[in-house]
Amino acid sequence: MGLAAVESNNGHEVEESTYQRGVKHLCEGGIERVPRKYVFPVSERPHLGTERSDVCCGGNWNLKLPVIDFAQLQGSNRSQVLEHLADACEEYGFFQLVNHGIPSQVIEELRSVGRRFFELPYEERCKYMNLDMRSPVRCGTSFNQNKDQILCWRDFLKLSCHSLPQHLPSWPSNPSDLREVAANYSLKTKFLYLKLMEAILESLGVKEIAPKSMEDQENDWMAKDLENGSQIVMVNCYPACPEPDLTLGMPPHSDYGMLTLLLQDESVQGLQIHHGGRWLTVEPISNSFVVNVGDHLEIFSNGRFKSVLHRVLVNSSSTRISFASLHSLSLDSTVRPLPKLIDEANPRRYKDTDFASFLNYISSVGHKGKNFLDTRKLT
Ligand SMILES: O=C(O)CCC(=O)C(=O)O
Ligand SMILES: [Fe+2]
């Protein structure tokens, strides 16, 4: 073995191939320093403690995201809430969703099963490890494992959810309740996503996605396309890190789809969004979702709503676990700006695209910041 393949960590030799087994596995081997492979250049590090704190916590700027009350959205206050929703998607690309109606037991069960999955021995988790980004069920590490020059302090379990009868049999059977709990959660979040998209389309001036009559072909197409769209539940595990200011759990990125519904870790913060030229830490609100606009929705809204860069910090004391439900159109659907939003004053700003080209792009070029979306912009 060549010297380049081995790194010394306080006297312990770490082989490069060890990194592919994930951060959890690396930590279980006992480490006191962050291996070079995970060290970000100074300009990309989180700079903990160097910025003034305005709320609390570790020297970071904290941010209270706009709060959208889902129950009010379904009630007589709908038009007012729709305005807030559109403002949040324009200004932040993010909001917190409260009163979402998903029973807390469903969420607690998911949190528990996600934690127990990552507590399984490596030999159990590695049954699901592979390097194929298109694989519907996959355990992996870092951000874009095949492309990352610098690795991120993150392991994940990816579960494709559409359609459930197709994918459920290949989900992990250990812990024994994982399939049932995650399937139940995925159905509930899909319902919430469809309701949110209905509201978002309404806020963009497209009144109904659930057509009253079959004559409304365009709207009918849209409703079906959203319903048949892809859904991935990603369980992110960021183990406690001995030198958290040298690395990141996830690098700055935007999400590719329409919307992401994220369950943050309620007690361990770490999500930061780029807003007003600064990185701001999103304060977790208990029993809420952090919802963010993805690249497809930015295109769909012809740039009115923004998919905003976000990243994840790690910390030295606690493992952080988050659950992202990523929703997009199906692999073969075309995403284009809504015709109703294009006129002389607002010309089309993006080329057509689809989910398959995004996957091809990140498999060959890699995913950095908003690089894929930039290739879809019309100048
Ligand atoms: O862990 C988090 O808070 C964010 C996760 C995220 O950005 C993602 O899964 O795309
Ligand atoms: Fe993300």
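Biologist: Is K24 buried or exposed in this model?

Modeller: In this predicted model, K24 counts as buried, because its relative accessibility is 16% and the cut-off for buried is under 20%.

Biologist: Which side chain does K24 meet in a salt bridge?

Modeller: K24 meets the side chain of E28, with an N to O distance of 3.0 Å. Both residues lie in helix α2, which spans residues 23-28. They are four residues apart, about one turn of the helix. E28 is partly exposed, with a relative accessible area of 47%.

Biologist: How many salt bridges does the structure hold?

Modeller: The structure holds 14 salt bridges. One of them joins K64 and E283, at 3.2 Å from N to O. That pair links distant parts of the chain, 219 residues apart. K64 sits in the loop between β3 (61-63) and β4, and E283 sits in the loop between β12 (278-282) and β13. K64 is exposed, with a relative accessible area of 62%.

Biologist: What about K370, and which residue is its salt-bridge partner?

Modeller: K370 pairs with E298, and their closest N and O atoms are 2.9 Å apart. This pair also links distant parts of the chain, 72 residues apart. K370 is in the loop between α11 (355-364) and α12 (371-375), whereas E298 belongs to helix α10, residues 295-300. K370 counts as buried at 18% relative accessibility, and E298 is buried with a relative accessible area of 1%.

Biologist: Which residues are joined into one network by salt bridges that share partners?

Modeller: K24, E28 and R125 are joined in that way.

Biologist: Turning to the metal, which protein donors does the iron ion have?

Modeller: The iron ion is ligand 2, and its protein donors are H253 through NE2, D255 through OD and H310 through NE2. They lie 2.1 to 2.3 Å from the ion. Along the chain, the donors follow the spacing H-x1-D-x54-H.

Biologist: Where do D255 and H310 lie?

Modeller: D255 lies in the loop between β9 (250-253) and β10, and H310 lies in strand β14, residues 310-312. The pair therefore ties together parts that are 55 residues apart in sequence. Both D255 and H310 are buried.

Biologist: β9 and β14 belong to a sheet, then; what is its strand order?

Modeller: The order is β3-β12-β11-β14-β9, an open sheet of five strands with mixed pairing. β3 and β9 stand at the edges with a single partner strand each, so one side of each is left without a neighbour in the sheet. The twist averages 30 degrees from one strand to the next.

Biologist: How many bridges join β11 to β12?

Modeller: Four bridges join strand β11 (residues 271-275) to β12, and the two strands run antiparallel. Within that pairing, I273 has L280 of β12 as its bridge partner.

Biologist: And what is the order in the sheet of eight strands?

Modeller: That open sheet runs β4-β5-β13-β10-β15-β8-β7-β6, with mixed pairing. Its edge strands are β4 (67-69) and β6 (137-141), each pairing on one side only. Neighbouring strands are turned by 25 degrees against each other on average, direction ignored. Five bridges join β6 to strand β7 (residues 155-160), in an antiparallel arrangement.

Biologist: Which strands does helix α5 lie across?

Modeller: Helix α5 (residues 104-119) lies across β6, β7, β8 (230-238), β10 (259-263), β13 (289-293) and β15 (320-328). It runs at about 115 degrees to β15. Helix α8 lies across β5 (94-98), β7, β8, β10, β13 and β15, and runs at about 130 degrees to β10.

Biologist: Finally, what does W171 touch?

Modeller: Not counting residues up to four places away in sequence, W171 touches Y128, V137, L159, S160, C161, L164, L178, R179, A182 and A183.

Notes
Residues numbered from 1 in each chain as written. Chains lettered and ligands numbered in written order. Predicted model: local features only at pLDDT ≥ 70, side-chain atom pairs only at ≥ 80, totals over all residues. Heavy atoms only, no water. Contact = heavy atoms within 4.5 Å. Pairing = 2+ DSSP bridges. Axes fitted to C-alpha atoms, helices over the stretch in contact; angles between N-to-C directions. Donors = N, O, S within 2.8 Å, 3.2 Å for Na, K, Ca; no water. Buried < 20%, exposed > 50% of the residue type's maximum accessible area, 1.4 Å probe, protein only. Salt bridge = Lys/Arg side-chain N within 4 Å of Asp/Glu carboxyl O.
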